[in-house]
Amino acid sequence: MCQVDEEYNGQLEHRKCVKCKENTAVLIIRAGDAFCRGCFKEYFIHKFRAMLGKNRVIFPGEKVLLAVSGGPASSSMLSQVQEGLSRDAPKKLRFVPGIIYIDEGGASGQSMEERERAVAQLESVFRATNYHYHIVHLEQVLSLPSSVLEAGSSATEKPQTGSSYKAAVDQFIQTKKNQHPDFSVENAQSHLSSLSMQKVENGVTSPITPEHTQALQRLFASVRTLTAKEDLLYTLRQHLILHTARTQGYTKVMMGDSCSRLAIKLLSNISLGRGASLATDTGFSDPRYGDVVIVRPMRDYSSKEIAYYNRMFDIPSVFIPGLDTKAQDKASIQHLTESFVTKLQTDFPSTVSTIYRIGTSEHHTCGTGTGWQQQLPELHQERTIPPSVL
């Protein structure tokens with residue numbers, strides 16, 4: 001490790017930032033992309049804003065639920081939302097954020113003390129944002145109706161075109177002018193920022209009992225393979241997030257899926273026979289649930305970029321053991337795919353970006369033979385997989 005650090009520092013010793021051309025570079029994201037501290041922060045923030053601005057699916061005044069797991073990607077997403085809603089931001093975000101954390105300790109075999117410790121750490125982070133937050137235990141999914149994952153009414157869904165987005169902004173500002181005659185265009189975004197950051201009462205949802213936890217553990221114990229357990233956990237997590245969003249009035253849910261995570265998810269879903277839904281599973285927006293749309297604003301970030309940003313700017317994250325941490329058999333499709341892609345990325349840095357391009361909506365065409373099916377040979381031609389990786 002020391003030798004690697006010395007080699008890395010040696011590469012940066014005489015390099016200038018590729019953007020400002022003045023300051024000394026402090027990190028290299030990709031070959032030829034060396035940034036100084038200030039330019040890297042500007043680049044990171046701009047990428048988040050550009051992703052939201054390009055897609056324009058979040059309208060002014062909408063309530064957006066941020067799904068935060070405590071990991072690096074979702075913690076970085078929360079930081080970007082805070083940055084966008086701060087008073088110093090040149091172009092403030094216009095939505096009203098909330099936070100949800102799903103406590104999955106009951107499924108992964110954590111003790112109540114470990115779960116309470118993790119919740120306390122995350123609560124301290126959530127309180128600092130002054131956003132409304134929801135801490136939901138996975139056990140609560142057992143008492144929810146079975147229709148939660150069905151598509152809800154989309155009658156109130158706003159059209160997602162550029163002109164309608166501009167009309168929505170104009171309507172928002174005009175409504176505020178009618179309500180407050182002294183309300184100007186200049187302070188419109190400032191008003192939204194202060195509205196979304198006002199203090200509200202927060203707390204953990206209804207308490208759980210040992211009987212609830214035992215029922216959840218029996219459910220997971222009845223599933224034989226780790227692949228099926230991870231799939232079940234994902235479904236139950238979506239169950240709770242959608243239910244909370246609908247009952248609390250949120251119309252959008254932000255997920256912290258990074259480019260690296262989506263590349264792993266893409267290959268895992270193909271292995272599980274879900275190639276037909278690649279575009280919605282890995283795209284920026286997932287409108288399958290009708291009244292609640294899932295968006296992924298972190299999908300252009302690699303795990304390397306996120307790790308650098310969090311470390312350089314002290315973004316807090318909390319490590320929480322997953323479902324496979326204490327499992328004796330870790331040979332799930334999801335875990336093996338993650339291990340395969342991570343090892344391949346180490347030797348061939350374009351691995352994740354190549355896989356990621358396969359799953360983008362503009363390349364994905366289901367059933368016609370013109371989408372990811374034709375691009376898989378490209379992945380094989382660009383690199384030869386060494387036997388040690390396989």
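Predicted model: local features only at pLDDT ≥ 70, side-chain atom pairs only at ≥ 80, totals over all residues.
Residues are numbered from 1 along each chain as its sequence is written, and side-chain values use heavy atoms, with hydrogens and water left out.

So, the overall picture. The protein chain has 15 helices and 9 strands; those are DSSP runs, H or I of at least four residues for helices and E of at least two for strands, numbered from the N terminus. Of its 390 residues, 45% count as buried. By buried I mean under 20% relative accessible area, with exposed over 50% and partly exposed in between, using a 1.4 Å probe and protein chains only. The accessible surface comes to about 19900 Å², and 53% of that belongs to carbon and sulfur atoms; the areas are Shrake-Rupley, again with a 1.4 Å probe, and for residues only the protein chains shown count as cover. On contacts, meaning heavy atoms within 4.5 Å: take those with a separation of 6 or more, and 73% of them come from residues 24 or more positions apart.

Now, how many salt bridges does a search of the whole structure find? It finds 13, where a salt bridge is a side-chain nitrogen of Lys or Arg within 4 Å of a carboxyl oxygen of Asp or Glu. Let me walk you through some of them.

Start with Glu42 and Lys19, whose closest N and O atoms are 3.0 Å apart. This pair links distant parts of the chain: Glu42 sits in helix α2 (residues 37–55), Lys19 in the loop between α1 (2–12) and β1 (27–30), and they are 23 residues apart. Glu42 is partly exposed at 46% relative accessibility, and Lys19 is partly exposed too, at 44%.

Next up, Glu104 with Arg237, at 2.5 Å between the closest N and O atoms. Here the two are 133 residues apart, with Glu104 in the loop between β4 (96–103) and α4, and Arg237 in helix α9 (residues 226–248). Glu104 has 22% relative accessibility, so partly exposed, and Arg237 is partly exposed at 24%.

Asp291 lies in the loop between β8 (285–286) and β9 (293–295) and Arg246 in helix α9, so the pair ties together parts 45 residues apart in sequence. Both count as partly exposed, Asp291 at 26% and Arg246 at 25%.

There's also a network: salt bridges link Asp103, Arg115 and Glu139.

While we're on helix α9, have a look at His243, which lies there as well. His243 is partly exposed, at 25% relative accessible area.

Last one: is Gln110 buried or exposed? It's buried, at 10%, and its place is in the loop between α4 (105–108) and α5 (112–129). The side chain of Gln110 makes a 3.5 Å polar contact with that of Ser108. A polar contact here is a pair of N or O atoms within 3.5 Å; within protein, one must be able to donate a hydrogen and the other to accept it, and residues adjacent in sequence count only if both atoms are side-chain atoms.
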